[in-house]
Amino acid sequence: LFFMNDNHSNTKVLLFLPAKNEAQTISSVIDNATAVLKKLDIHFDTLVIDDGSDDNTGTLAASAGAIVLRNNQNKGLGITFRKAVSFAIEHKYDYMITMDADSQFDPQDIPRLLLPTLADKDIAMVTGSRFLPESKVTNMPVIKPRGNRMMSGLINSILKSNYSDVSCGFRVYSREALLHLNLFGEFTYTQEVFLNLGYKHKSILEVPTSVYYFSERKSRIAHNPFLYAK
């Protein structure tokens with residue numbers, strides 16, 4: 001109803017998918033997300049940054065219609081995200097959506113994250129949360145809630161806030177938020193973003209999201225979250 005009543009045809013949105021060795025899922029993730037975004041009256045592009053894959057992730061992403069940038073070797077999620085931020089700013093996108101390329105997140109949730117930012121220009125970031133009461137999470141590894149409690153507790157103690165999930169990669173950023181980011185981490189970026197925006201008193205909204213964890217798949221980037229937290 002929101003998109004029927006408001007004109008956002010001039011709004012430019014970038015969907016960013018970081019990917020390393022995601023040949024099995026990258027095409028379907030792009031196709032499913034594209035189908036959702038096409039229903040919204042906005043201009044959008046999909047950016048895939050292939051972080052040193054040794055399979056045909058990049059080729060498949062390009063065939064599915066994505067703009068593909070490649071890191072010649074694995075640089076890490078933090079550096080890859082900063083590359084996407086620079087791309088979004090340089091090409092004057094109004095919003096950037098970030099989503100994993102491994103089919104864990106449901107593209108049907110994209111409007112749930114994007115709608116609040118379009119409705120309220122004061123919201124800098126909308127982030128999915130796997131730990132709100134309405135969230136739907138399947139097959140979550142035992143270490144995930146434990147690690148999130150540790151990281152969220154750390155970030156909340158610094159910001160004097162009460163966020164439930166500071167590590168989820170399913171997010172929407174406004175252009176203003178992207179311009180305020182000053183990141184340094186190579187391993188990841190998700191918690192740093194909270195600190196960047198929180199210290200600058202930018203509005204962050206959490207919404208429940210659906211996540212499905214595949215038992216046979218291991219994280220491509222989360223090698224040692226406890227060392228990162230330290």
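Student: Which strands does helix 5 (residues 110–119) lie across?
Tutor: This is a predicted model, where local features need pLDDT of at least 70, side-chain atom pairs count only at pLDDT 80 or more, and totals for chains, interfaces and linings use all residues. Residues are numbered from 1 along each chain as its sequence is written, and side-chain values use heavy atoms, without hydrogens and water. Helices (H or I, at least four residues) and strands (E, at least two) are DSSP runs, numbered from the N terminus. Helix 5 lies across strand 4, strand 5, strand 7 and strand 8.

Student: Is Thr117 buried or exposed?
Tutor: Thr117 lies in helix 5. Buried means under 20% relative accessible area, exposed over 50%, partly exposed in between (1.4 Å probe, protein chains only). Thr117 has 0%, so it is buried.

Student: Which residues is Thr117 in contact with, leaving aside its neighbours within four places in sequence?
Tutor: Contact means heavy atoms within 4.5 Å. With those neighbours left aside, the partners of Thr117 are Tyr95, Ile123, Val126 and Val172.

Student: In what order do the seven strands of the open sheet run?
Tutor: Two strands pair if DSSP finds at least two bridges between them. The pairing is mixed, and the order is 3-2-1-4-7-5-8.

Student: Which are the edge strands?
Tutor: An edge strand here pairs on one side only. The two are strand 3 (67–71) and strand 8 (203–208).

Student: What is the bridge partner of Thr127 in strand 7?
Tutor: Strand 5 (residues 123–129) and strand 7 (residues 171–174) run antiparallel, joined by three bridges. For Thr127, the partner in strand 7 is Arg171.

Notes. Axes are lines fitted to C-alpha atoms, for helices over the stretch in contact, and angles run from 0 to 180 degrees between N-to-C directions.
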